[in-house]
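Have a look at the picture, then go through the points in order.

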Amino acid sequence: MSSAVLHLDEVSKTFALAKGRELTAVDKVSFEVERNSIVVLLGPSGCGKSTVLRMIAGLETPTGGTITLGETPVTGPGRDRGMVFQAYTSFDWLSVRRNVEFGMKINGVPAAERREQAEHFIRLVGLSKFLDAYPSQLSGGMRQRVAIARTLANGPELLLMDEPFGALDAETRWQMQELMIDVAEQAQTGMIIVTHDIEEAIFLADKIVFLSAHPGRVKEEIIPAFKSGGRIRSKEELVQTPGYAELERKIMRLMREEGQHE
Ligand SMILES: Nc1ncnc2c1ncn2[C@@H]1O[C@H](COP(=O)(O)OP(=O)(O)OP(=O)(O)O)[C@@H](O)[C@H]1O
């Protein structure tokens, strides 16, 4: 039996444009996400990465194909999928602790359990010293950690992230990437991450789904074989590992090929 938690089977999305025109953004995309694995959607700008993620989140309805989570078809948003956006989505008037407790409070989790869970996830993202701080007192990377803790606290099976670190400076960005590896292992959550950053994709991914442009199709599924089935915990280690540079070159070549088709 397959250990996949999410299946996309020939998923398509055609948008209706003005004057009766149509645009097929995503065309028959199929892939699977194994339990607790990190899948990265990579590809040139406009290839439909965000549209695929939004369909998985249930924020957009496919015009063809099916998306199944476990045994259940995805027909709309649900707590089993937690979305982290690029823009910081914390509530500025609530402390870090209250931000992370918010979803649990809405879902009727008792106060003591809420508190314990919130502290657990805040610890996981390294913000224990900032439990009672407000988002405006935190840096961009720290605010993104709050958003991640808040989403994890709802107990999703899959964390969905669309360019989650795009707004961060380079150093904070790689710290966040390293944090995500820890989070994936400790929270036992699968992740689907959209990026167009090749290094980020190779670092984070157990599997890269590379999409071609206009319309978005799966051009290639890439398993970074040089990781030998494990994960690498630091960026320094990544770039020194034999096989990394070769995979980076291969993906750059794929990106260039797609660019030339536009
Ligand atoms: N609501 C919409 N209505 C019409 N067209 C849309 C809509 N959303 C996306 N598109 C189009 O679908 C295509 C794919 O867009 P999408 O944002 O999914 O790509 P992307 O790969 O995430 O791009 P980027 O990397 O630049 O964020 C684009 O041509 C975009 O203009």
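1. Start with strand β1, which covers residues 4–16 and is joined to β2 by 9 bridges, the two running antiparallel. Keep in mind that this is a predicted model. As a bit of background, strands of a sheet pair through backbone hydrogen bonds, either parallel or antiparallel.

2. Now pick out partners across that pairing. V11 has V29 of β2 opposite it, and K13 faces V26, also in β2.

3. Next, follow the chain from β1 into β2. The hairpin they form has 5 residues between the strands, and K19 there takes a positive phi near 55°.

4. What is the order of its 4 strands? Reading across, you get β2-β1-β4-β5, in an open sheet with antiparallel pairing. β2 and β5 (72–73) are at the edges and have a single partner strand each, so one side of each has no neighbour in the sheet.

5. On to the ligand. Around it you'll find F15, L23, A25, G43, S45, G46, C47, G48, K49, S50, T51 and H196. Two elements each give two or more residues to this shell: β2 (22–34) and α1 (49–57). Which of the elements gives the most to the shell? That's α1, with 3 residues.

6. What kinds of residue make up the shell around the ligand? They split into 7 polar, 4 nonpolar and 1 charged.

7. Then the whole protein. You can count 8 helices and 10 strands in it. Its C-alpha trace spans about 55 × 45 × 40 Å along the principal axes.

8. Why does a radius of gyration of 19 Å agree with a compact globule? Because a compact globule of 262 residues would have a radius of gyration near 18 Å, and the protein's 19 Å agrees with that.

9. Two last numbers for your notebook. Buried residues account for 36% of the 262 residues. And if you take the contacts between residues at least 6 apart in sequence, 71% of them join residues at least 24 apart.

Technical notes: Residues are numbered from 1 along each chain as its sequence is written. This is a predicted model: local features need pLDDT of at least 70, side-chain atom pairs count only at pLDDT 80 or more; totals for chains, interfaces and linings use all residues. A residue is near a molecule or strand if its C-beta atom, placed from the backbone, lies within 6 Å of it. Ala, Val, Leu, Ile, Met, Phe, Trp, Tyr, Cys and Pro count as nonpolar, Asp, Glu, Lys and Arg as charged, and the others, Gly among them, as polar. Two strands pair if DSSP finds at least two bridges between them. The radius of gyration is taken over C-alpha atoms; the globule rule is 2.2 Å times the number of residues to the power 0.38. A residue is buried if 20 or more other C-beta atoms lie within 10 Å of its own, exposed if 12 or fewer, and partly exposed in between; C-beta atoms are placed from the backbone. Two residues are in contact if their C-beta atoms, placed from the backbone, lie within 7 Å.
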